[in-house]
Each structure stands twice: as C-alpha cells, then as structure tokens.
Amino acid sequence: LLACSVALPLGACVAGSVDSTSGRASLLATTVSRAIACRAGSPQRTTLDRFLAAEKARGASDEQLAAARSAYVSVSEAEMINQGVKPQPCTAEERAELKVRMGRIRAGDFNTL
C-alpha cells in the first residue's frame, strides 16, 4: 500500500494487473487525467464507451466491462482530486509524450495503453 501511495500511478493501485480490462481502464483514466492536467489534450465524450467496446471485442465479459467502467470513473475522480490538492508539474517531455498518447486514444487506438 505504501508503494501505491508513493511510487506508482494511482491507476496501478486501483486495478491491479495492467493486462486486465480494469487495469487498462485505470491506465486510460490516468493518461487522460494527466493529459488534461498537463494541457496535452483532452478525451472525446465517447472515449470511455469506445474503450469498453474495444475491450468487449477483445473478449471481456460483462462483469469485466462493469469493473473497468468503475475503475475508470474511480481513478478519474481520484486523479482530479489529487491534482487539485497537490498539483504535479508537467515537464515538456511528459507533455509531448502525452500529446502523442492522446492522439492515439482520440483515434480509438487503445492497444498501446
């Protein structure tokens, strides 16, 4: 738990395995939240729904999709609160990387999360 509060991104602590649908949803939420905070892009309104459709196409069950939706919402809210309480500065390199990642997300490419 200490590692989660100090070293790891919040999404990694909430969802567990990055290979799971919930883990991928948490990474998506962390990426989107960080991109917004760094002014490196913003998601489309349909981003979560498109992500869930992609996960369903990958074989996720209804239970896994529900858990992924919950993880995405929980991580997004927590990231927003954390950024408000203790803002984390963005480096130029991070901003550039996030712009590329958000471009892929906006295009519907969730394979590189």
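Predicted model: local features only at pLDDT ≥ 70, side-chain atom pairs only at ≥ 80, totals over all residues.

Student: How many helices and strands does the chain have?
Tutor: Helices (DSSP runs of H or I, at least four residues) and strands (E, at least two) are numbered from the N terminus. Read in that direction, the elements run α-α-α-α-α-α. The count is six helices and zero strands.

Student: How are H3 and H4 oriented to each other?
Tutor: Axes here are lines fitted to C-alpha atoms, for helices over the stretch in contact, with angles from 0 to 180 degrees between N-to-C directions. The axes of H3 and H4 (residues 47-57) come within 11 Å and cross at roughly 155°. Angles under 35 degrees count as roughly parallel, over 145 as roughly antiparallel, 65 to 115 as roughly perpendicular and the rest as oblique. H3 and H4 are therefore roughly antiparallel.

Student: Which residues meet there, and how do they divide by type?
Tutor: With contact meaning heavy atoms within 4.5 Å, Thr-21, Arg-24, Ala-25 and Leu-28 in H3 meet Thr-47, Phe-51 and Glu-55 in H4. By type (Ala, Val, Leu, Ile, Met, Phe, Trp, Tyr, Cys and Pro nonpolar; Asp, Glu, Lys and Arg charged; the others, Gly among them, polar), the residues of this contact divide into three nonpolar, two polar and two charged.

Student: How does H3 lie against H5, and what makes up that contact?
Tutor: H3 packs on H5 (residues 62-85) at an angle of about 30°, with the axes 8 Å apart. That makes H3 roughly parallel to H5. The contact residues include Ala-25, Leu-28, Ala-29 and Val-32 of H3 and Ala-68, Ala-71, Tyr-72 and Val-75 of H5. By type, the residues of this contact come to 11 nonpolar, eight polar and two charged.

Student: What does the contact of H4 with H5 consist of?
Tutor: The axes of H4 and H5 are 10 Å apart, at an angle of about 150°, so these two helices are roughly antiparallel. H4 passes H5 in a right-handed crossing. Phe-51, Leu-52 and Lys-56 of H4 and Leu-65, Arg-69 and Tyr-72 of H5 are among the residues in contact. The division by type is six nonpolar, no polar and five charged.

Student: Arg-34 is a charged residue type; is it buried or exposed, and what does its side chain pair with?
Tutor: Arg-34 lies in H3 (residues 21-37) and is buried, because its relative accessible area is 16% (buried is under 20%, exposed over 50%, partly exposed in between, with a 1.4 Å probe and protein chains only). Leaving aside neighbours within four places in sequence, its contacts include Gln-83, Gln-88 and Cys-90. Its side chain makes a polar contact (N or O atoms within 3.5 Å; within protein, one able to donate a hydrogen and the other to accept it, with residues adjacent in sequence counting only if both atoms are side-chain atoms) at 2.7 Å with the side chain of Glu-94.

Student: Which residues does Cys-38 touch beyond its sequence neighbours?
Tutor: Cys-38 is in the loop between H3 and H4, and counts as buried because its relative accessible area is 1%. Its C-alpha is 8.9 Å from that of Gln-88, 50 residues away in sequence. Leaving aside neighbours within four places, Cys-38 is in contact with Cys-90, Glu-94, Arg-95 and Leu-98.

Student: What is the phi of Arg-39?
Tutor: Arg-39 sits in the loop between H3 and H4 and is exposed, because its relative accessibility is 71%. Most residues other than glycine have a negative phi. Arg-39, although not a glycine, has a positive phi of about 55°.

Technical notes. Residues numbered from 1 in each chain as written. Heavy atoms only, no water. Left-handed = near helix turned anticlockwise from the far one by under 90°.
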